[in-house]
Amino acid sequence: MKLPYEWQIGLRYTRTGKRSSDNGFISFISLISMLGIALGVAALIVVLSVMNGFQKEVRDRMLSVLAHIEIISPVGSMPNWQLTCNEARQNSSVIGSAPYVDAQALIVRKNIVNGIILRGINPVLESQVSDISTKMKIGKLVDLRPASFGIILGVDLASILGVSVGSEVTLVAPNSPFTPTSMLSWFKRFTVVGIFESGHYEFDRTLALVSIVDAQALLRSSAPTGLRLRIKDMQRAPEVAQQLTQTLSSHLYIRDWTQQNRAWFSAVKIEKRMMFIILMLIIAVATFNLVSSLVMTVIDKQADIAILRTLGAQPRSIMKIFIVQGVTIGLVGTSIGTALGCILAVSIPWLVPLIEHAFKFQFLPPSIYFISELPSDLVIVDVLKISTIAFTLSALATVYPSWRAGRVHPAKALRCE
């Protein structure tokens, strides 16, 4: 099918530089505009993919240790946790529940003293609310037998203490009631029966797991601290938590995983939004280059425009020529940038380790960041959003140059020639 003459001329202007060098190559300014749009789109896709991957990876690693919802008693213990458990399981979204004991403690090994988060769990029920059983590097959760005083440590905590399976450590529970006769019971010797690696440095560095029976004995508590729940869709955790506040009979404090890490997730959300705005400025700069390119083309082609006008071309037809030229540059640049950005985003898991190995440095030191590997999660919605905005800006950039081309006076343009 033969294209209208506006399309043919517009596409030819896209490929052509000066009339004296009509060699079929893209003009330099048009090329710069196209590359600017492509680089801006690719950079934005890659950055947002990395931020999405970082958020998803940290969230998943957090939830391998944390529960989706926690129910806590205001008085610090929950004697009727079975009743609360049964009431919570009436909600169709709840698929798992387990009691737990949570406290801060000190762990001592020779002359090393370290603060830890001590969590007492039921080894059988724990797999219903967390994935910690799949993160075991050495040993199993079932090795935490009641009254055996075994302990499972995070891999970084075990490394700091210099212990392995079979080693003995001493736990100090500062929250125990102090009396002259009970002072010695603050200290209790535990045997390391396992080591886990969640991939989240904070938990691998500070978390220690013991049997819930042993935790209650150490803390002199007769009941669990609370109840941990897992739901079908973790994204609905705030909604399910709100439902539980209305259905549970006891006066309890309920928090979901988004509340436990609200500051971190809010910071990531704001940072992602700001990065989107900042990197979108790159595309905006490229569209300004496109405006300059089209204006220069209009000035250079005034004689051609005048000839077309004398042959009967309407101003709107002249405008279409330069709209086609600008939209083509924007479309090609957006397409190249989208393809390049998607390829780089997908390649990050193997490309970044290759760069780290080649230059002998690490992008994400685990002692500073939550994770040590640079993740990537390519979200199609983000790609479509970026591509649409980039193409829209490119299309808007053609408005002024095409309007100016439509206002060229044939007689004045030919007189100047």
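**Helices side by side**

Modeller: Let us begin with helix H9 (residues 262–300) and helix H11 (residues 315–359), whose axes cross at roughly 145° and come within 11 Å of each other. Do keep in mind that this is a predicted model. H9 and H11 make a right-handed crossing. On the H9 side the contact is made by Leu290, Leu294, Thr297 and Val298, which meet Phe322, Gln325, Gly326 and Ile329 of H11. Sorted by class, this contact of H9 with H11 has five nonpolar, three polar and no charged residues.

Now turn to a second pair. Helix H2 (residues 28–63) packs against helix H12 (residues 380–396) at an angle of about 155°, and their axes lie 10 Å apart. Because the cut-off for this class is over 145 degrees, H2 is roughly antiparallel to H12. Here too the crossing, H2 past H12, is right-handed. Ile37, Val41, Leu44, Ile45, Leu48 and Asn52 of H2 touch Asp382, Val383, Ile386, Ala390 and Ser394 of H12. Eight nonpolar, two polar and one charged residues make up the contact of H2 with H12.

As for charged pairs, the structure has seven salt bridges. One of them joins Glu70 to Arg255, with the closest N and O atoms 2.8 Å apart. Glu70 sits in strand S1 (residues 69–72) and Arg255 in strand S10 (residues 253–256), so this pair ties together parts 185 residues apart in sequence. Glu70 is buried, at a relative accessible area of 3%, while Arg255 is partly exposed, at 23%.

Methods:
Residues are numbered from 1 along each chain as its sequence is written. This is a predicted model: local features need pLDDT of at least 70, side-chain atom pairs count only at pLDDT 80 or more; totals for chains, interfaces and linings use all residues. Side-chain values use heavy atoms; hydrogens and water are left out. Axes are lines fitted to C-alpha atoms, for helices over the stretch in contact, and angles run from 0 to 180 degrees between N-to-C directions. Helices (H or I, at least four residues) and strands (E, at least two) are DSSP runs, numbered from the N terminus. Angles under 35 degrees count as roughly parallel, over 145 as roughly antiparallel, 65 to 115 as roughly perpendicular and the rest as oblique. A crossing is left-handed if the near helix is turned anticlockwise from the far one by less than a right angle, and right-handed if clockwise. Contact means heavy atoms within 4.5 Å. Ala, Val, Leu, Ile, Met, Phe, Trp, Tyr, Cys and Pro count as nonpolar, Asp, Glu, Lys and Arg as charged, and the others, Gly among them, as polar. A salt bridge is a side-chain nitrogen of Lys or Arg within 4 Å of a carboxyl oxygen of Asp or Glu. Buried means under 20% relative accessible area, exposed over 50%, partly exposed in between (1.4 Å probe, protein chains only).
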